[in-house]
Amino acid sequence: MISIDDSNEDPKTSEAANELMRVYDSCRELNADFSAGRRMSSICSDDDEYKSSLPPHPENWPQRPLLLCPTPGAGMKIRGVRYSSSKTYLASYEEGQSLPINNGLETKGRCLVIDFESELFIGTALLRLKNARRLDCDRNAGDGSNKDPKSTYYFHKKKRTFQTVIRGRFKRRVPMSECVTGQMFTRPAGVLPPRLIVKAAVLLMSHLAPQLQSRLEGECPRFLS
């Protein structure tokens, strides 16, 4: 069982969650009319799964205002969620269920990891985000929070605010020159600033990250590196 502990919730987190609820409700009210005027990208996908433009309502997000879930229609299969020190899954994963985000306060071996598989890759993912809401997955085994000195916290005296770890193997040979990471969107970006400003922003990002391939305009906006 995965539940949330918000007894010591940061006021800023609560405020962000409330704002998210208001934004979501506004989007839901406009969604029907807005979707009617926007076409899907033929480049990205024709899959019906992409037509669901909104995730579940934020009141159902265990770690709101954060939500981690597989991209619909991307062929990602979640094999299960478990502790890093165990091979036993906490519960069977159901499609549409949110995935866990650690906050760096976990004791050794108590980080939640995600076993996943795609057409090309099989492995395990771990995500930490500073100040994320704590998930209490096994009340009978304690609260899972770190009772040791702050020096043992993952984010203690670190400027970083998140960590992502992927471990696994490719299921077939893939040249690394063909591998990219980033974001691809399945619909046009909508109303953008003037072209001159967009071009300047893309140029600036290219100077900061020379390997970055970015495109804001067109049917399928993307940021890949």
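Where does R128 sit? In this predicted model, R128 belongs to strand β4, which covers residues 121-129.

**R128 up close**
- R128 has a relative accessibility of 14%, so it falls under the 20% cut-off and counts as buried.
- Its side chain has a polar contact with the side chain of Q163, at 2.5 Å.
- If you skip the neighbours within four places in sequence, R128 touches N102, G104, E106, C111, Y154, F155, T161, F162 and Q163.
- Q163, then, turns up both as a polar partner of the R128 side chain and in that contact list.

**The strand as a whole**
- What about the rest of β4: 7 of its 9 residues are buried, so the strand is largely enclosed by the rest of the structure.
- As a general point, side chains in a regular strand alternate between the two faces of the sheet.

**Pairing with β3**
- Strand β3 (residues 112-117) runs antiparallel to β4, and 4 bridges join them.
- The two strands make a hairpin, with 3 residues between them.
- For a landmark in this pairing, look at D115, which stands opposite T124 of β4.

**Pairing with β6**
- β4 also pairs with strand β6 (residues 162-170), again in the antiparallel sense, over 9 bridges.
- Here A125 is a handy landmark: it stands opposite I166 in β6.
- Residues 162-170 make up β6, and the R128 contacts include F162 and Q163.

Definitions and conventions: Residues numbered from 1 in each chain as written. Predicted model: local features only at pLDDT ≥ 70, side-chain atom pairs only at ≥ 80, totals over all residues. Heavy atoms only, no water. Buried < 20%, exposed > 50% of the residue type's maximum accessible area, 1.4 Å probe, protein only. Polar contact = N/O pair within 3.5 Å; in protein donor to acceptor, adjacent residues only side chain to side chain. Contact = heavy atoms within 4.5 Å. Pairing = 2+ DSSP bridges.
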